[in-house]
Amino acid sequence: KDMLLTFKNLFSTSPKKLKDLNQYDGNYHRGVLPTMLKLCYFANYSENRKQLKCVNVLYSDLNMFVYSVEKYIVVSFKMSQEYSDWKNNMSPTRKEEYINQEMLQKYNKWKKKYFKYDLFDDFKIHSGFYSYFQNNDIVVKLNKCIQKIKKSYDNPCIVYTGQSRGGALTTLASFYISNLYPNIKFSIVTFCSPALFNRNTTLFYLFLKIQQRTLINHYRIINSNDQMIHIKTKSAIWRPLGRLRHIGTEIPKKYMKVIYDNRSVITNQFIVIDNKYRI
């Protein structure tokens with residue numbers, strides 16, 4: 001029940017307060033964000049996934065967990081736990097990526113009209129996360145999962161969630177799947193996720209939200225005192241290689257909002273929930 005209520009909330013655009021995401025009926029063990037954090041736990045610790053008896057497991061390995069509840073597909077990756085994960089995370093370079101031509105033409109036309117300039121930049125992605133996707137056929141695996149659900153539901157919705165490295169990988173998954181399935185609606189919830197895109201790729205998510213209307217909600221939960229989330233965005237070491245960005249950091253300010261306390265009103269924007277003032 002909590003999962004279904006959570007997923008319905010994640011695809012609602014009605015205004016709400018942070019406390020509405022943090023609890024159900026005064027119970028802070030429940031709520032949208034507590035439920036999503038619990039689901040990250042099952043991605044991080046594969047040996048405990050059998051506890052989720054009420055889900056339809058679509059794919060499961062040590063690094064990725066994909067399952068569904070009715071029409072909702074949940075995609076999640078584990079956080080950094082091994083040396084190879086950290087080596088992957090700390091790759092200093094970026095890789096160029098491409099999207100399908102039809103989507104690219106729509107995007108460039110929208111960007112020219114919206115920003116009133118001819119700026120057709122490349123899409124660039126953190127090379128470590130990019131290599132992980134390419135080497136492990138992640139897009140192929142996710143495509144098979146979606147095809148399974150489409151046999152039962154014509155309009156599935158996807159929830160991407162992850163903690164730390166898992167948050168970056170699920171965000172990257174949303175980039176690829178939004179190109180493969182341009183009409184599937186999705187929402188993203190990440191916890192202390194590192195940056196992984198260049199400016200043009202972050203603008204692509206604004207296009208998905210206000211033009212394509214497929215990105216419904218984006219919640220990025222952080223503690224801005226945590227230096228790991230800034231290491232590739234502010235450090236001078238990364239300047240020659242090109243600093244990386246989070247979704248929402250290179251869009252007009254009216255589409256982004258930073259939340260600090262339970263009374264803050266959340267509207268249909270790119271939301272950053274910053275916990276630096278919490279004990």
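Author: Happy to. A polar contact here is a pair of N or O atoms within 3.5 Å; within protein, one must be able to donate a hydrogen and the other to accept it, and residues adjacent in sequence count only if both atoms are side-chain atoms. The model is predicted, with local features needing pLDDT of at least 70 and side-chain atom pairs pLDDT 80 or more, while totals for chains, interfaces and linings use all residues. Residues are numbered from 1 along each chain as its sequence is written, and side-chain values use heavy atoms, leaving out hydrogens and water.

Let's look at glutamate 97. Its side chain makes a polar contact with the side chain of tyrosine 176, at 2.7 Å. Glutamate 97 lies in strand E5, residues 94-97 (a strand is a DSSP run of at least two E residues, a helix one of at least four H or I, numbered from the N terminus). With a relative accessible area of 11%, glutamate 97 is buried (under 20%; over 50% is exposed and in between partly exposed, using a 1.4 Å probe and protein chains only).

Leaving aside residues up to four places away in sequence, glutamate 97 touches Phe123, Ile125, Tyr130, Gln134, Phe175 and Tyr176, where contact means heavy atoms within 4.5 Å. Isoleucine 125 is 28 residues from glutamate 97 in sequence, yet their C-alpha atoms are 7.1 Å apart.

For another view of the model, take two helices: Asp2, Met3, Thr6, Phe7, Asn9 and Leu10 of H1 meet Val32, Thr35, Met36 and Leu39 of H3.
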